[in-house]
Every structure is written in C-alpha cells, then in structure tokens.
Amino acid sequence: MKKTILAAFAATALTAGISTSASALTLDYIGLSAGKGVKLHGATSPTSVNNVLAGGLKMSSTEIAPFDSFVAWCLDIGTSIKTSYDYSLKAISDTLFTNGGTAVLLSNAQKQDIQSLFNTAYSTLDVLDANKSAGFQLALWEIAYESSGSYSLAGGDFYATQSGSVVSAGARAQADSFLAGLGGAVTGNYTLAFFESNTTSNGHGSQNLVMGFVDPSVIAEAPLPAAAWLLIGGMGALGMASRRRKAA
C-alpha cells in the first residue's frame, strides 16, 4: 500500500474544507508506553468499562512516513485496542467519529479542547512517566465524555478513582492540571491526526485514536538531537528518554 506522508497530511489538514477520510492504513499496537490503572465512573455509556489502563499507546505502521512508530491516544474507552487493525486517517476538520458502536461523536468545542490540550501540554510531556502519561490520557477522556460543562476528574458526569491497589491519585491530579491549563500559553503547534477504525457488522472493531505531531518537513531540516525531540508523540522521544534514564 502506498505510504501516507504526514507532511502532505499536515498541509491538507490545515486547508479548510479538504477531507482526508479516504486515506486508509493498518496500525499495529505494540503496548503501553507507561500508564496507571484507573477506575472510571459516569452516567454516560460506555463508562461501565470501569477498570482500565490509562496511558500512551505505542503503535507502528509501515504506511506512515516518517513516523513508522509513534504514540497514539485513545478516544474510545468502550472498545478494546486490537493488535493489528485497519483505520481511516482523518483531520480535525472531518466529522469525528462516525463508525458507530461506542464511538463518541465529537463536537467542534471538544475538538478545539483536544487541540488546546496538545498545544499547551504535549511538548513537555514525558510519555515514559506513568502519572503524566496516564494523566494526559485521562484528560483526553474527560474532554470526550464529560457533559457537565466543567472539567474535573474528581467528580462530575465522568470521573476516575484508583483501580484496586494501584494508586492513581497522581495521574488524576496530573490530568486536572493539564485541563486547567487549556487556556494557557501555547508551548507547541501540533497537527492532529485522528485514526477512525473500520466498521464491521457489529460496529467498529478497535479503538479510535489521535496523535499529535510537528510538521515532518520541520523535523527533516532540524539537526539532531533537536530533530528527535520534535518527534514528541513518536518513538524517537521514547528512545531518547529511555537512554537518558539508563545513563543517569
């Protein structure tokens, strides 16, 4: 299958009125970058899922350049992530998500808050830190599922507590900190790529996802190690952070 070049996607995504929904690709789930067990509560379906792991999802694909490996984030807690599954690549200007089942139909306000979350918090996010990784995921779920008009993982229509003996208070506090900063200073300008899983006879078969990235054309021109750190959301950042911890 022809590779999807994210530099071209970035230009398309920023052009009003142009849809990217025709771009199809296969994503492979590798594992969690880091995270915490949490128990989800809420009046809205599908929060009956209850105990889940919250954190960044390490993904790979041979059809996305230059991010053949990257970290994505779940926007669909009612569906499990599959080891390998077919997706459609969509932009923030597209209708998200339309694949039925437990999929959340995001409003324009929700999409704007997701964009703000990336722009204010993602450039300094350590995806190998369990509390921060889980906190960022919880913040995304709060935006997608909270309907009270006020964001807080401590209460409302959607909230989180600890799962079993796993203490997630730090992750919840981190999520609330990210959400409190939505209107704060922009620390990075991210293009968002949304992955909508293909439908089956029973709805959609894998989680709907989002990733944030800096225009790859900027990465290509940047000297290392700066280029690697521009891959926040990609495995380049994971590798560098891991090597630094081993050297410490």
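User: Happy to dig into this one with you! What covers the buried residues of helix 2?
Analyst: Good place to start, and do keep in mind that this is a predicted model. The buried residues of helix 2 include Ile 114, Leu 117 and Phe 118. What covers the buried residues of this helix includes strand 5, helix 3, helix 4, strand 8 and strand 11 (209-213).

User: Over what arc do the buried residues of helix 4 fall, seen down its axis?
Analyst: In helix 4, the buried residues are Ala 171, Ala 175, Phe 178 and Leu 179. Seen down the axis of helix 4, they line one face of the helix, because they fall within an arc of 95 degrees.

User: Which elements are included in what covers those buried residues of helix 4?
Analyst: Helix 4 covers residues 169-180, and its buried residues include Phe 178. The cover over the buried residues of helix 4 includes strand 2 (23-42), helix 2 (108-121) and helix 3 (130-145).

User: Now for the rings: how many aromatic pairs are there, and what kind is the one between Phe 70 and Phe 195?
Analyst: The count comes to 13 aromatic pairs. For Phe 70 and Phe 195, the centres are 5.8 Å apart and the planes 25 degrees apart. Phe 70 sits in strand 5 (residues 69-74) and Phe 195 in strand 8 (residues 191-197), 125 residues apart. With planes under 30 degrees apart counting as stacked, this pair is stacked.

User: Is the pair of Phe 118 and Tyr 190 stacked, edge-to-face or tilted?
Analyst: Their ring centres are 6.5 Å apart and their planes are at 55 degrees, so the pair is tilted.  Phe 118 lies in helix 2 and Tyr 190 in the loop between helix 4 and strand 8, 72 residues apart. Phe 118 is buried at a relative accessible area of 0%, and Tyr 190 also counts as buried at 9%. The name for this pair, then, is tilted.

User: Which residues do ring pairs link into a cluster?
Analyst: Phe 118 and Tyr 190 pair as described, and both belong to the cluster. Its members are Trp 73, Phe 118, Tyr 122, Phe 136, Phe 178 and Tyr 190.

Technical notes
Residues are numbered from 1 along each chain as its sequence is written. This is a predicted model: local features need pLDDT of at least 70, side-chain atom pairs count only at pLDDT 80 or more; totals for chains, interfaces and linings use all residues. Side-chain values use heavy atoms; hydrogens and water are left out. Helices (H or I, at least four residues) and strands (E, at least two) are DSSP runs, numbered from the N terminus. The expected span of a helix is 1.5 Å times one less than its number of residues. Buried means under 20% relative accessible area, exposed over 50%, partly exposed in between (1.4 Å probe, protein chains only). The arc is that of the directions from the helix axis to the C-beta atoms. Contact means heavy atoms within 4.5 Å. Rings of Phe, Tyr and Trp (its six-membered ring) pair if their centres lie within 6.5 Å; planes under 30 degrees apart count as stacked, over 60 as edge-to-face and the rest as tilted.
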